[in-house]
Amino acid sequence: MKPTDSDKGKFTKRIRMWSISMLMVMGLSAMVACGGDDSDDGVSVPTVKVTLTSSNLTDDGYFDGMMYYKITSNSPLEVTVHKAEKSVIKVEIPNIVNIDGKNYQCTSISKEAFSGCSSLTSVSIPNCITNIGNQAFSGCSSLTTVTIPNSVTSIDGGTFYGCSGLHTVTSLNQTPPIISYSIFDDYSATLQVPTGCKTAYQNAEYWNKFKNIVEIDPSDI
């Protein structure tokens, strides 16, 4: 039986409604996958990378098997990476740590958190950590590359001291973070900075000790 114009119209309408529904689902899925902050509309949901409970609490903090987290604020909800196991090799620091059903943002790395982790080869720092503490990565002799996100505004003394294998340092902040002389003990590594920011780093105290500063497109990282 040949479909009428009315049947064709109904079919086209159903296809259009299905397409709109699929676009809405795909859009919401993308927002959940990309993360974000908790908003009142109930749509933007943060990416929870670590989920812990009171059963994970030790004297050094909440333990996820590699790192210990300590709550630094309950308003807003914030934690710090307090300490890491000395045997860690590759680390991805989460932007969100869920503890007993509450989402805490990981905003800092404590003093000496990764100090002496001589097997550590790479570390991923999320774009919500604003400060890296004293000697946080000191003595990580196997660490070869470091990427400092644009959220970091200050790095305390001795942070990468003794990282003898470090050959590439990438800073994604267009404004050079505040650092001290002793943050690195060797400035022979290549310093990568955002396009258009080379001069700013060449004029910034202590960053200007890097002999090789190159510009990169942050989207390529």
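A polar contact is a pair of N or O atoms within 3.5 Å, of which, within protein, one must be able to donate a hydrogen and the other to accept it. The close-up views below are taken from a predicted model.

**View A. Thr80 and its polar contact with Ser108.** The side chains of Thr80 and Ser108 are joined by a polar contact of 2.9 Å. Thr80 belongs to strand 5 and, with a relative accessibility of 6%, is counted as buried, because buried means under 20% relative accessible area. Apart from neighbours within four places in sequence, the residues in contact with Thr80 are Tyr68, Tyr69, Lys70, Thr72, Ser108, Ile109 and Ser110.

**View B. The cis peptide bond between Ser75 and Pro76.** Most peptide bonds are trans. The bond leading from Ser75 to Pro76, however, is cis, with omega near 5 degrees. Pro76 is placed in the loop that runs between strand 4 (67-74) and strand 5 (77-84), and strand 5 is also the element in which Thr80 is found.

**View C. Asp100, a residue with positive phi.** Most residues other than glycine have a negative phi. Asp100 is not a glycine, yet its phi is positive, at about 50 degrees. Asp100 sits in the loop between strand 7 (96-99) and strand 8 (102-109), where its relative accessible area of 44% makes it partly exposed.

**View D. Tyr206, a residue other than glycine with positive phi.** The phi of Tyr206 is positive, near 75 degrees, and the residue lies in the loop between helix 2 (198-202) and strand 15 (213-216). Tyr206 has a relative accessibility of 22% and therefore counts as partly exposed, since buried would require a value under 20%.

Key
Residues numbered from 1 in each chain as written. Predicted model: local features only at pLDDT ≥ 70, side-chain atom pairs only at ≥ 80, totals over all residues. Heavy atoms only, no water. Helix = DSSP H or I, 4+ residues; strand = E, 2+ residues; numbered from the N terminus. Buried < 20%, exposed > 50% of the residue type's maximum accessible area, 1.4 Å probe, protein only. Contact = heavy atoms within 4.5 Å.
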